Amino acid sequence: MKTWIPDARNFAYLSWKHVDSLSREETLLVLPTAAVEQHGHHLPLATDTLLNNFMLGKALKLLPEDMPVYALPPVCYGKSNEHIGFPGTLSVSASTFMAVIRDLGASIAASGFKKLALFNTHGGNAALVDVMARDLRAEFGLRTFTLFGSGGAAFEGLSPQEAAYGFHAGELETALILSAAPELVHTDRYTANYIADIEKPEVLKPEFSGANFAWLTRDIAESGVMGDPRPATAENGDKWAAAAAVKVAEALTAMYRYENRFRP
Ligand SMILES: [Zn+2]
């Protein structure tokens with residue numbers, strides 16, 4: 001898999017003696033969680049994993065060199081059973097996913113580290129990542145943090161409809177991959193599909209409503225796309241990736257500096 005993580009920030013490139021020399025109290029380890037799943041006719045299966053690595057790599061480059069923040073190798077497989085039935089989707093169950101995160105947390109705690117950030121870029125993992133952040137805190141005393149996607153970056157130029165319901169292989173993800181790895185985007189195979197309309201009030205929607213129904217992609221999106229990739233440009237991808245990197249770097253810095261102000 002391609003990587004944008006600077007070599008000096010890549011935890012798995014270190015020797016154990018180098019790891020042993022790191023401050024256990026200060027070092028922040030970042031565990032990326034993503035997916036290998038269908039992303040429409042035009043994007044690669046690894047889209048969420050590539051975007052995670054691309055944004056994290058750019059963010060790490062913004063940190064001061066002496067700030068000890070390291071990226072662990074990603075958990076590429078996620079809970080993607082919403083995309084089952086589309087060839088190529090490789091999903092693990094919720095219990096498997098949580099067991100992997102728990103075991104990695106145990107290893108990190110056994111090495112003596114205290115701070116772990118879970119950096120997730122796949123919606124299907126989000127609820128599990130939240131659960132595991134608390135469980136790792138409770139079971140191993142790790143100071144855990146969660147960060148989803150772009151860290152709250154504002155993507156200038158994205159329509160409100162796309163911002164709300166363009167969440168899978170739509171304009172945002174397509175633009176970011178056009179920026180990161182344009183050779184992987186089939187620009188002649190775009191399909192567009194919105195699963196809900198922000199202007200249309202409905203009691204039940206698939207996402208982001210007062211009441212939601214649980215969905216499988218095959219129920220609501222024949223091509224696998226939820227959003228509209230057609231307006232995507234590499235220029236916007238560059239701009240949005242840069243905006244995301246700033247937010248992710250800010251979040252990582254806050255995690256690195258975090259002290260429990262509730263119990264001094
Ligand atoms: Zn995705």
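1. Let's start with a pair of helices. Helix H3 (residues 94-110) and helix H4 (residues 126-140) have axes that come within 10 Å and cross at roughly 35°. The crossing in which H3 passes H4 is right-handed. On the H3 side, the residues that meet H4 are Ala 94, Phe 97, Met 98, Ile 101, Arg 102, Gly 105, Ala 106 and Ala 109. Their partners in H4 are Leu 128, Val 129, Val 131, Met 132, Leu 136, Glu 139 and Phe 140. Do keep in mind as you read that this is a predicted model.

2. While you're on H3, have a look at Thr 96, which is found in that helix. Thr 96 counts as partly exposed, at 38% relative accessibility. Gly 78 is 18 residues away from Thr 96 in sequence, and their C-alpha atoms are 9.2 Å apart in space.

3. From H2, the residues taking part are Phe 54, Met 55, Leu 56, Lys 58, Ala 59, Leu 60 and Leu 62. They meet Ala 241, Ala 244, Ala 245, Val 246, Val 248, Ala 249 and Leu 252 in H8. As background, two packed helices are described by the angle between their axes and the distance between the axes.

4. Next, the nonpolar core. The largest one has 43 residues, and the members that touch the most others are Leu 28, Val 30, Leu 56, Leu 60, Leu 252 and Met 255. Several elements supply at least two residues each: strands E1 (28-33), E2 (69-71), E3 (115-120) and E4 (143-148), along with helices H2 (47-62), H6 (171-180) and H8 (234-257). H8 gives the largest share of this core, 9 residues. Apart from this core lies another, of 21 residues, including Leu 14, Leu 29, Ala 133 and Leu 136.

5. Setting aside neighbours within four places in sequence, Leu 252 is in contact with Leu 28, Val 30, Leu 56, Leu 60 and Leu 63. Thr 253 also lies in helix H8 and counts as buried, at 14% relative accessibility. Not counting residues up to four places away in sequence, Thr 253 touches Leu 63 and Met 67.

6. Asp 48 sits in helix H2 and Glu 173 in helix H6, so the pair ties together parts that are 125 residues apart in sequence. Asp 48 is buried, with a relative accessible area of 2%, and Glu 173 also counts as buried, at 10% relative accessibility.

7. A backbone point comes next. Most residues other than glycine have a negative phi. Ala 169 is not a glycine, yet its phi is positive, at about 65°. Ala 169 lies in the loop between helix H5 (160-165) and H6, and at 0% relative accessibility it counts as buried. Phe 208, also a residue other than glycine, has a positive phi near 60°. Phe 208 is placed in the loop between E5 and strand E6 (211-212). Is Phe 208 buried or exposed? At 55% relative accessibility, Phe 208 counts as exposed.

8. Last stop: Glu 199, in the loop between H6 and strand E5 (204-205). Glu 199 is exposed, with a relative accessible area of 66%. Glu 199 and Gly 237 are 38 residues apart in sequence, and their C-alpha atoms are 26 Å apart in space.

Key: Residues are numbered from 1 along each chain as its sequence is written. This is a predicted model: local features need pLDDT of at least 70, side-chain atom pairs count only at pLDDT 80 or more; totals for chains, interfaces and linings use all residues. Side-chain values use heavy atoms; hydrogens and water are left out. A nonpolar core is a set of buried Ala, Val, Leu, Ile, Met, Phe, Trp, Tyr and Cys residues joined through side-chain atoms within 4.5 Å. Buried means under 20% relative accessible area, exposed over 50%, partly exposed in between (1.4 Å probe, protein chains only). Helices (H or I, at least four residues) and strands (E, at least two) are DSSP runs, numbered from the N terminus. Contact means heavy atoms within 4.5 Å. Axes are lines fitted to C-alpha atoms, for helices over the stretch in contact, and angles run from 0 to 180 degrees between N-to-C directions. A crossing is left-handed if the near helix is turned anticlockwise from the far one by less than a right angle, and right-handed if clockwise.
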